[in-house]
Amino acid sequence: MVAVQTPLASIARRWTPSPKALRRAALAPVVMSVVIIVTGGAVRLTGSGLGCDTWPKCTDDSLFATPEQGIHGAIEFGNRMLTYVLCAAVGWAIVAARSTKPWRRGLTRLGWAQFWVVMSNAVLGGITVWAGLNPWSVAGHFLAANALLTVATVTWIRAGEGDTAPRPRVPRPVRRLSWALTGAAGLLIAAGTTVTGSGRHAGDSSEVPRMPFDWVDAAHVHAALAWLVCLLGVAMWLALRIVDAPDDTRARARELIGVLVAQGAVGYVQFFTDVPELLVGAHMLGSSLMWIAVLRLALSLRERPVAAPGAPAAPDAALTAA
């Protein structure tokens, strides 16, 4: 009996990506995750959140935006179309991971995790439209996009490593400090949704409900968390110097501090200039870059060397330590 091959297995039998091609394939979803976050912000900032009246269609009678919906319909529909580009990027990463020799099952699973996050967030986006841009569902939609960015970034970094068990490169106290930094950065991003959810950029010109917080108070809490992340970032940089960490790890810490300084400057300027749309969009881009920098720093504190030819690979359970 002839075994039936899946399409992915058939492609893998005919193609073996180079390490550089694998890294590029894994980077594509990272780039598209940032793009979808920024363009999603543009939908909100231009008041186009309900440019398409429903979901999955744009109107009850049309899958596409109609001339009657004007520029807002075009912007919202265009952002929806970018989801297909994102799916193509994720699909490319899955195919490349499946086609490596030997097959890297853990990396393939990370690719499929991205796919399911994209699908679930598309549904959440539809619920957000049906709910008339309820601020809580909007916040969930944004956080789910950051969940995708997280998995995509981990996949990209893992694509450049081996599948051996992770080995620490710095002492445990420094790694714990990194966990605190990562947790604080995650809280900072979550707190940012309350600033937006209670602020003036509701995403549509109609009467859209807001979160029951005072916008200025929410911004102050967000700023306090930002200062905490900055202090932890500086502490990480100092700790890495003290323990004589590898050069690339210290470079990740310097990059993070640079992103934090730029992001903080944009945040304060937008607060004192009545939150202009362009600066809010730049702040959303900075948020994504900050989170990528935090993850790169955290994952640089351990290494997964490529196994020697013929050596057994580490079990996939080691993926939980990534």
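Visitor: Which residues do ring pairs link into a cluster here?

Guide: Good place to start! In this predicted model, ring pairs join Trp-215, Tyr-268, Phe-271 and Phe-272 into a cluster. The count of aromatic pairs comes to 8.

Visitor: How is a pair of aromatic rings described?

Guide: Two quantities do it: the distance of the centres and the angle of the planes. Take Trp-112 and Phe-115: their ring centres are 5.5 Å apart and their planes stand at 85 degrees, so this pair is edge-to-face. Both residues belong to helix H4 (residues 105-130), and because they are 3 residues apart, about one helical turn separates them.

Visitor: Which parts of the chain does the pair of Trp-136 and Phe-213 tie together?

Guide: Trp-136 sits in helix H5 (residues 135-159), while Phe-213 is in the loop between helix H6 (172-198) and helix H7 (215-242), so the pair ties together parts that are 77 residues apart in sequence. Its geometry is edge-to-face, with 6.1 Å centre to centre and 75 degrees between the planes. Trp-136 is partly exposed at 49% relative accessible area, and Phe-213 is partly exposed at 39%.

Visitor: Where is Trp-15, and which residues is it in contact with beyond its neighbours within four places in sequence?

Guide: Trp-15 is in the loop between helix H1 (7-14) and helix H2 (19-45). Leaving those neighbours aside, Trp-15 is in contact with Trp-92, Val-95, Ala-96, Ser-99 and Lys-101.

Visitor: Which residue lies over the face of Trp-103?

Guide: That is Arg-98, at 3.8 Å from the ring centre.

Methods
Residues numbered from 1 in each chain as written. Predicted model: local features only at pLDDT ≥ 70, side-chain atom pairs only at ≥ 80, totals over all residues. Heavy atoms only, no water. Helix = DSSP H or I, 4+ residues; strand = E, 2+ residues; numbered from the N terminus. Contact = heavy atoms within 4.5 Å. Phe/Tyr/Trp six-rings, centres within 6.5 Å; stacked < 30°, edge-to-face > 60°. Buried < 20%, exposed > 50% of the residue type's maximum accessible area, 1.4 Å probe, protein only. Lys NZ or Arg CZ within 6 Å of the ring centre and 35° of its normal.
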